[in-house]
Amino acid sequence: MKKKTTKKRMNNEKSNFHQSSLFFNNILFIIVSIIVIIVLYKGIGGYKWLWDSLIVGNLNMIKQYRNLTIDQKYEIKCGFDYKYVNYIKSKTPEDAIILMPSREEIYPEGKKSDFNEKDASGIKNKAWATYFLYPRKLVYEEEKDINQYYECVNYIAIVNYFGYDRLNYSIRKKEKYHILPVNAPNDKQ
Amino acid sequence: MILFGIIIVLILGFSIVNAISKKFSILEKIGLSFLLGIGFETFFMFILDVLTIKFNLFILIAISISLIILLNIKNINKFGLQIQKLKAIKTKAKKINYKSINFIWLFFFLIICILLYGSAAKSLYWPTFAYDNVAGYDLMGKVMASEGSINNSLFEIDNAPILGSARRCIYPPLVSGSFAFAYLCNLSTSKLISSLFFIFFILSFYASLRIVTNRINSIIATFLMIITPEMFAFSSLSTTNIPTAIYGSLAIIYLYLWLNKREKRYLIISSILMAFNVWTRSDAVVFNITGFAVLFMDAIIKKQWKALFIYSIISFPLFFAWNLFIKYNIIIDQNVFIDKLFWDADKCSKILVWVKNLITNTSLYGIAFYALFIIIIINIKYLIKDKSSLLLILFFVSWILYTLVFYQMDNSKMDPLNNMMRASYRRGLFVFIPIIWFYIPSSKVINSLFEKYENFLFSGRDKS
């Protein structure tokens, strides 16, 4: 009986020892893993960028600006182009057919434009502008001959003071950026 | 509404995987449930469009629920039995010995959770803003949801894609359709879908690794795959590249598993994933062709054609269906390739220089390609005999074919070669990253090393 109890105790001690060594090995491997991760982080720019910018940087930024509205976020990412399409969206009904400004009007020669010049995005791009203005129909000068909506345009997008001449009425106070109906509305402009 | 929609997608995908085989692990079933479920939702949209029926959330959910019931009709009869089984599991549940917990696994699991949280937080915080998505896939998704049609008002002028969208609106509808599903569920942006794609992919990748190797090896490889910088950055954007990488790489991995284990379920899953691979981008057909070529060789050697037949009838029809749909509905020059074989040493050398510069750029792909070549050298002794070499064959054949696509491309119809390599090819390489990180842990040397380590660590103990 005594022998059995001693054996059991020895087994328990052996098991405890094994579990402690398992725990130790686990911790040892974690330390090795941390060292490898630090080496990768310090040695390879891509991993550093991933952690510093994509994880920590973004989470900090999200925490800092957690109350931004969707419009503010779009303005940060898309700049003035978004501000302008959002303005058009707020001033036109969903069934509006809008004549958009031409490239020459968006980027007048010799003048600095408020619109994005760096890449293909922005109001100069019909697909891009449609994304924000849908279901409104957009018409561009360059597709004048093929777009069946050209004849039915009921709103004119005005940029850099261009476009007022397309209205069927005159405007006294001209603004740099505007969206106006082609025909004079019943109320006073 | 979105929660209900996603739950239906998950149950549908789960039921499909379960119907293929009950032998899949629970992790595989959960991981694949979203990937297959959302793929099928977009397939329903396409079928409805062909039948000129306008789709909406109600119709899609009704079709999904009908299919779920059909797929689970046998299980419903055995529902009582399943409950009893579950109860039995509960009573059998072992007491956890906290000292024998696999802390290494837990450590990497926690880092992966932090990384996924970071990716999802970024994805959900910012609305869709990247040019390709705004003027392409997400625009298409938005209009599809609003009009209940794939051939919608974006093609109303002369049946050509809307000005400024280039070819983005005629990409196969898996990505735009999945975004449409989000909009149909009344979401203001579709970014949730991009996060779900990535999270369920990680689950599937880990689950597939567990078939060939142990927990520690699998979780470390999963971690190394996730931290591929360029791929991680794209995981929070709504482009087509990550979904293509997900379906393409998993399809190749499951095809390898079939070649290795000859269990029919792997072949079927691989074929479905291949089908959805070309349902994201048509140029991803190179992976389907690779699978076909390898299975063809296998069929010749084994003189058994059934697998090749099953693979072909599942993986290719969507590719042809979409291209025919575009051909008969949209006016656009579909052929962007030089349709004769040619030799242009200058173009060839330019492409090879680009390939070399890209794969050695650790800022883009981390240590992935370096690790691959080192592991191949370490395993050189076993390359002929070891089954993991089959994965290398699939990897290199598809890589060569994928590179040839860029060689054969007619740059007068597309962007200049440098732009194509800098953007498209660079992102296209994402497909190969999971395959690399699947090969490394399953290679003979690394797998044996980790087997020995885990045996040493848990000899005679339960692996928690």
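Residues are numbered from 1 along each chain as its sequence is written, and chains are lettered from A and ligands numbered from 1 in the order in which they are written. Because the model is predicted, local features need pLDDT of at least 70 and side-chain atom pairs count only at pLDDT 80 or more, while totals for chains, interfaces and linings use all residues.

**Stop 1: chain A as a whole**

Select chain A. Six helices and four strands are found there; helices (H or I, at least four residues) and strands (E, at least two) are DSSP runs, numbered from the N terminus. Starting at the N terminus, their order is α-α-α-α-β-α-α-β-β-β. Chain A has 189 residues, and 25% of them are buried. A residue is buried if 20 or more other C-beta atoms lie within 10 Å of its own, exposed if 12 or fewer, and partly exposed in between, with C-beta atoms placed from the backbone. Of the contacts in chain A with a separation of 6 or more, 56% join residues 24 or more positions apart; two residues are in contact if their C-beta atoms, placed from the backbone, lie within 7 Å.

**Stop 2: where chain A meets chain B**

Show both chains. In chain A, 40 residues are in contact with 39 residues of chain B. On the chain A side, two or more residues each come from α1 (2-43), α2 (45-64), α3 (70-78) and α6 (126-133). Which of these elements gives the largest share? It is α2(A), with ten residues. By class, this side of chain A has 24 nonpolar, eleven polar and five charged residues. Here Ala, Val, Leu, Ile, Met, Phe, Trp, Tyr, Cys and Pro count as nonpolar, Asp, Glu, Lys and Arg as charged, and the others, Gly among them, as polar.

**Stop 3: helix α4 of chain A**

Next, select residues 80-91 of chain A, which form helix α4. Its buried residues include A:D81, A:Y82, A:Y84, A:V85 and A:I88. They cover an arc of only 165° around the axis, which puts them on the same side of α4(A); the arc is that of the directions from the helix axis to the C-beta atoms. The buried residues of α4(A) pack against α3, β1 (97-99), α6, β3 (155-158) and β4 (178-181) of chain A.

**Stop 4: α3 against α4**

On the α3(A) side the contact is made by A:D71, A:Y74, A:E75 and A:C78, and on the α4(A) side by A:D81, A:Y82, A:K83 and A:N86. This contact has three nonpolar, one polar and four charged residues.

**Stop 5: a cis peptide bond**

Zoom to A:Y134 and A:P135, which are joined by a cis peptide bond with omega of about 10°. A:P135 lies in the loop between α6 and β2 (137-139) of chain A.

**Stop 6**

Select B:F4, in helix α1 (residues 2-20) of chain B. Is B:F4 buried or exposed? B:F4 is exposed, with 11 other C-beta atoms within 10 Å. B:C185 is 181 residues away from B:F4 in sequence, yet their C-alpha atoms are 8.6 Å apart.

Move to B:T52, in the loop between α2 (26-50) and α3 (57-71) of chain B. B:T52 is not a glycine, but has a positive phi of about 55°. B:T52 counts as exposed, with 8 C-beta neighbours inside 10 Å.

Finish at B:K303, in the loop between α14 (285-302) and α15 (306-315) of chain B. B:K303 also has a positive phi, near 55°, in a residue other than glycine. With 6 C-beta neighbours inside 10 Å, B:K303 counts as exposed.

Definitions and conventions:
The expected span of a helix is 1.5 Å times one less than its number of residues.
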